Amino acid sequence: MKKLPFPSLRLSRESLGPQSAWMTVLRKLPLYIILTAFALLYLEPVLYMVSMSFKSATDITDTTAKWIPRQPTLTSVRYAFDAMNVWPVFLDDRSLWDNLMRSNLFVSLLTTFLPALIQVYTCAIAGYAFARLNFPCKRLLFVLLLMSYIVPPQTVFMPLTWVFRALGVINSPMSFILPALFGTGLKGSLFIIIYMQFFKKLPAQLEEAAYIDGASTYKVFVKVMLPLAKPAKITVFLFSMVWHWNETYLTGLFYTRIGTLATALNAIKLPENDYSMTIMAVKMAAALIFVLPMLVIYLFTQKNFTESIERTGIVE
Amino acid sequence: MRGKWSYEKKQKLVGFSFILPWIIGFGVFTAFPLLYCLYMALNKVNFVTDHLEMSFLGFANFRRALYEDAEIPNKLMQTFQQSLLIVPLIVVFALIMALMLNSKFKGRSFYRAVFFLPVMLTCGNLIATLTSQGQGSIDALQSGTAAALVAGIGGTLGETLQVVLDNFLVILWYSGVQMLLLIAGMQSINPSTYEAARIDGAGQWEILWTITLPGLMPFLFICVIYTIVDQFTASFNPILEVITHHSINISTGYGYASAIAWLYFLVILLVLLVVILIFRKSLGLAVNRKEKRA
């Protein structure tokens, strides 16, 4: 025990002696009950999705096979895989790039990871400026930042499409990469605000020390502040990735000849005159294919997302 | 020549260089479409085969939306009231969940992974499809004993509970992002502050009110902003449906849709300005301090 200059009279719980393991579990019991209840609410649709995807037509009407299909089948999953154009058969008379762009999975991956990676850095630059630097019309620009966040693309879709057409980025992932390069892009304003609030919480002494050593503002940002913003970078990357993956409205506007998994998911239909499948099963199978890549990425990296935030916790 | 540039001016120039890319992006991808939309709102817009035909109307489109079309002010008010109700509920729910997920217990990373699911599943009509098939909701809560119990409580508490029950689905599925934001925010509070408080004999409750919540203010601000915009721009929003309907409707036209859209922005902006006023301590102070120093 450290010796305190002014020992407080009240005793903390820890100082009352070691607690038995049972006591700690008992104390956490309400926590477990509440969290488990909500976790089940979130897990149920996912489990339903998985179970539904493998159900045959007879299983769906069979009430005894609520969760585990009696006659599991891959029919729905196979059909959804083809109907969503996840990975089409490559045509010999086209270039590799053209063939790849016919795959909705490939287009989705391009539209997801490149803009997300770019936004992590470009939004950090703008966020740092709002948090720590001085420039003319700062308050006005902050209001404009908020304003750009509240504009639903549905309301400006026509002039927006003109801009992208004039820039020649229609039907290419560039229509998401280009805005990201400027720190705007899908929900860019929100990411800038996230960075702004993170940078504001960092103690000023860190920068001051670097300035005294003669570093420029650019150097301080790149060498000191950006590495410290790891929790913000992880948060922004995660959200940007998921939101680009899930985007349907803008991809519907900009992608007329290519498609993503999200738009394919919304458009999925049953083949005509085919009664071997049900629309419910096909929709769920499509949803499963759609969610799977994100789910796998998240499961493999979730330690990074949830725990490393703690390890890098900003210290003063 | 160099000597004429004061330190302050140079610093401002450096700061400007950081924000310049965003200003360009804003100009091209937001300001231009938005202003063009305003221009169209002041006109009657007709599509003639390959170009637009505009005839200047002045504020007629706005007047029509506000005074003649009973539907618009009604729906604006409805959205406004709905968000006033649902935003605090979502943020408080997210805060409680984040506090729980941030405490130390076994299996925490599993629970955190599960609570990320709503973020991944809120795509297009995926949630709608799932809930329409009876998933992700608790029927037991909305009918039967629980509902009767709540109805029996009465008073303010009963009414609040009733609202929570009615909007349970929305609260449940649209609070995932906020939870993650708040958890990330909690990591940025210095652990030694907690230690010091515990040594001084502060209880859990005191620590929550004096350390965690004030430290979380900047992140609560992000959460509130996010929730408001999320609710206002969700595709199921009644106003957006009206706008989309009018923009493809030939008789009313894109000009009228743009006018409604601008009214809508103004309402959202008004709400956001109120939020900024509430959070001015966690936002404004930092800005002021910097300005004084410079």
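This is a predicted model: local features need pLDDT of at least 70, side-chain atom pairs count only at pLDDT 80 or more; totals for chains, interfaces and linings use all residues.
Residues are numbered from 1 along each chain as its sequence is written, and chains are lettered from A and ligands numbered from 1 in the order in which they are written.

**The core**

- The largest nonpolar core has 145 residues, and Y128(A), Y195(A), L182(B), C223(B) and I260(B) touch the most other members.
- α5(A) gives the most to this core, with 15 residues.
- Such a core is a set of buried Ala, Val, Leu, Ile, Met, Phe, Trp, Tyr and Cys residues joined through C-beta atoms within 7 Å.
- Buried means 20 or more other C-beta atoms within 10 Å of a residue's own, exposed means 12 or fewer, and partly exposed is in between, with C-beta atoms placed from the backbone.

- Helix α2 (residues 60-68) and helix α15 (residues 253-278) of chain B have axes that come within 9 Å and cross at roughly 65°.
- α2(B) and α15(B) are therefore roughly perpendicular to each other; angles of 65 to 115 degrees get that label, under 35 is roughly parallel, over 145 is roughly antiparallel, and the rest are oblique.
- Axes here are lines fitted to C-alpha atoms, for helices over the stretch in contact, with angles from 0 to 180 degrees between N-to-C directions.
- N61(B), F62(B), R64(B) and A65(B) of α2(B) make the contact with G255(B), Y256(B), A259(B), I260(B) and L263(B) of α15(B).
- This contact of α2(B) with α15(B) has six nonpolar, two polar and one charged residues.
- In these classes, Ala, Val, Leu, Ile, Met, Phe, Trp, Tyr, Cys and Pro are nonpolar, Asp, Glu, Lys and Arg are charged, and the others, Gly among them, are polar.

**Where the chains meet**

- On chain B, 80 residues are in contact with 80 residues of chain A.
- Helix α1 (residues 7-41) of chain B supplies the largest share of chain B's side, 20 residues.
- That side of chain B has 56 nonpolar, 19 polar and five charged residues.
- Helix α5 (residues 104-132) of chain A and α1(B) have axes that come within 8 Å and cross at roughly 135°, which makes α5(A) oblique to α1(B).
- The crossing of α5(A) and α1(B) is left-handed.
- From α5(A), T122(A), I125(A), A126(A), Y128(A) and A129(A) meet G15(B), F18(B), I19(B), P21(B) and W22(B) in α1(B).

**Chain B overall**

- Chain B has 16 helices and two strands, taken as DSSP runs (H or I, at least four residues, for helices; E, at least two, for strands) numbered from the N terminus.
- Of the 294 residues in chain B, 34% are buried.

**Two loop residues with positive phi**

- C137(A), in the loop between α5 and α6 (138-150) of chain A, has phi near 60°.
- C137(A) counts as exposed because it has 12 C-beta neighbours inside 10 Å.
- N171(A), in the loop between α7 (157-166) and α8 (174-181) of chain A, has a positive phi of about 65° although it is not a glycine.
- With 16 other C-beta atoms within 10 Å, N171(A) is partly exposed.

Notes. Two residues are in contact if their C-beta atoms, placed from the backbone, lie within 7 Å. A crossing is left-handed if the near helix is turned anticlockwise from the far one by less than a right angle, and right-handed if clockwise.
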